[in-house]
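Morning, everyone. Please look at the model on the screen while I walk you through a few parts of it.

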Amino acid sequence: MNHRYLRPARLLLALAAACALVLSAPAPAQALSTAKLTAKPNSDSGSDVLGATDTRITWEGQVSDDERLTAVTLTLPDGSAYTTDDAKVTLLSDSDPSKPGNDLMKRDTPKFQISSDGQSVTYAFSNPLPAGSYVRLELYGVDFPAVGGDMQVKVSYATGEAGSSAQGGELTDVPTIAVKGVTPTEQLATYLEGQEWVKQWNSNTFLRLFLNPPILVSSFPSVFQGFLMALAIVLVAFPLAIPFGFVLALMRISKSRVLRAVSSFYVNIVRGTPAFLQIYIAFFGLPLAGVQIPSYPLGVAVMALNSAAYLCEIFRAGIQSIPKGQDEAARSLGMTATQTMLYVIIPQTLRNVLPTMTSEFILLYKDTSLLAAVGVMEVVMYAKTIVASTGSITPYIVAALFYLVVTLPLARVVGRLEARLLGKDTGSRKRRKPRTSAGQMPVIDGDHLA
């Protein structure tokens with residue numbers, strides 16, 4: 001037999017035996033085990049633990065029957081803040097030792113010293129805790145990082161008798177704490193809640209209900225999402241309503257009785273019924289008829305069809321305001337009826353009705369609030385959701401501000417357009433002073449005095 005092959009085989013067998021011994025060896029028993037680790041919920045509703053917001057963490061553990069505990073250290077995740085002012089240690093035991101039932105109703109408070117180093121907080125007991133003790137540690141004023149996530153609190157311990165060398169280790173059975181991330185506006189709202197002037201402000205019932213600063217700040221992002229939805233609806237619905245309304249206006253002034261009747265019927269029905277009712281018919285009637293349309297396109301369609309009826313009357317009035325002489329002059333130049341409408345009537349009509357169209361845009365934007373009744377998540381719906389959870393009217397005030405952001409500048413634009421058109425229609429210009437010489441009367445030259 002060749003001995004060259006026996007030596008590597010023996011080495012492999014020895015290595016395998018060593019690995020088996022290591023794997024089969026019992027793991028060193030820990031002198032302390034974790035019973036639970038929790039954080040107190042700090043959100044306005046529910047059981048969420050928010051980041052960057054004060055909470056209390058509670059750790060409970062069981063000391064083994066053959067060890068005495070001298071210290072426990074809690075190490076918080078990086079970026080956490082805490083205070084040791086109200087830290088507590090409580091020993092829990094059965095109320096009746098003769099009837100052990102793990103009710104843990106008896107409470108004792110051992111003497112301890114607390115120290116902190118960076119993210120670590122150490123509870124050092126003046127006298128070692130007895131073997132088998134069940135201990136609870138509490139740490140207040142804990143602020144986990146704002147980003148949130150599963151936060152791992154590390155727990156280490158030291159055991160031994162007084163005066164002897166301490167032994168210890170780090171626990172591996174500590175659960176994580178689920179922390180919900182918070183936005184900068186939520187952090188600002190939390191900061192405002194602790195300010196003295198905010199407390200004084202909210203001591204007034206009216207101010208607390210209608211202008212609560214923390215709720216004003218915290219509701220802004222949610223209502224802003226509704227603002228974007230309202231803009232998305234009106235910026236699509238209004239351009240769709242313009243051509244439809246113009247076609248209805250041409251039908252209203254056409255020589256065909258059928259076209260006039262159809263247009264008049266539609267305009268009278270839409271203008272004669274509330275937009276709120278039209279929304280209800282579309283959102284609840286169509287599904288009953290088996291027609292399923294998503295909320296956004298259906299909301300756009302209802303708003304566009306409603307606005308088209310009003311734009312029809314605006315365009316009709318604008319077309320009929322153009323003097324008939326212009327139509328006759330265009331026809332005398334050899335232009336067809338279509339060319340006259342495209343190149344003579346429509347440009348002047350659009351100029352004349354532009355202020356009124358802008359006013360209709362403002363009305364349509366405000367009417368998007370009616371879609372909240374059917375669950376479309378626009379400005380009012382988001383505000384309504386926050387009001388239901390906070391009991392404050394402040395989110396409705398935030399919603400009103402978002403409406404004013406659009407309506408006030410547009411109202412100013414309407415005023416300027418009307419003033420400009422009025423100036424053109426009246427032919428107002430600065431009149432020059434009459435030029436006269438001594439002993440000479442002014443001479444009329446056209447519209448001006450010379």
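Start with one definition: buried means under 20% relative accessible area, exposed means over 50%, and partly exposed lies in between, using a 1.4 Å probe and protein chains only. Two housekeeping sentences next. This is a predicted model, where local features need pLDDT of at least 70, side-chain atom pairs count only at pLDDT 80 or more, and totals for chains, interfaces and linings use all residues. Residues are numbered from 1 along each chain as its sequence is written, and side-chain values use heavy atoms, with hydrogens and water left out.

First, the overview. The protein has 12 helices and 14 strands. Helices (H or I, at least four residues) and strands (E, at least two) are DSSP runs, numbered from the N terminus. Of the 450 residues, 34% are buried. Now contacts, meaning heavy atoms within 4.5 Å. Take those in the protein with a separation of 6 or more: 72% of them join residues 24 or more positions apart.

Next, the sheets. Two strands pair if DSSP finds at least two bridges between them. Angles here run from 0 to 180 degrees between N-to-C directions, and axes are lines fitted to C-alpha atoms, for helices over the stretch in contact. Between β1 and β2 (residues 55–63) there are 7 bridges. L37 stands opposite W59 of β2.

Stay with those two strands. The loop between β1 and β2 holds A52. What is the phi of A52, which is not a glycine? It is positive, about 55 degrees. Most residues other than glycine have a negative phi. A52 counts as partly exposed, because its relative accessibility is 23%.

A second open sheet of 5 strands runs β6-β7-β3-β10-β11, again with antiparallel pairing. Here β6 (112–117) and β11 (167–170) are the edges, each pairing on one side only. The twist averages 15 degrees from one strand to the next. Q113 has A124 of β7 as its bridge partner.

Now a serine. S80 sits in the loop between β3 (69–75) and β4 (88–93). Is S80 buried or exposed? S80 is buried, because its relative accessible area is 8%. Leaving out residues up to four places away in sequence, S80 touches Q119, D143, F144 and P145. The S80 side chain also reaches the backbone oxygen of P77 at 2.9 Å.

One more strand pair. β9 (residues 149–152) and β12 (residues 176–179) pair antiparallel over 4 bridges. M151 stands opposite I177. On β12, I177 and V179 form the covered face, while T176 and A178 form the uncovered one.

Last, two helices. α7 (residues 275–288) and α8 (residues 295–320) pack at about 140 degrees, with axes 10 Å apart. Which residues of α7 and α8 make the contact? From α7 come A275, Q278, I279, A282, F283 and L286. From α8 come S295, L298, G299, V302, M303 and N306. They divide into 8 nonpolar, 4 polar and no charged. Nonpolar covers Ala, Val, Leu, Ile, Met, Phe, Trp, Tyr, Cys and Pro; charged covers Asp, Glu, Lys and Arg; the others, Gly among them, count as polar.

Conventions:
Polar contact = N/O pair within 3.5 Å; in protein donor to acceptor, adjacent residues only side chain to side chain.
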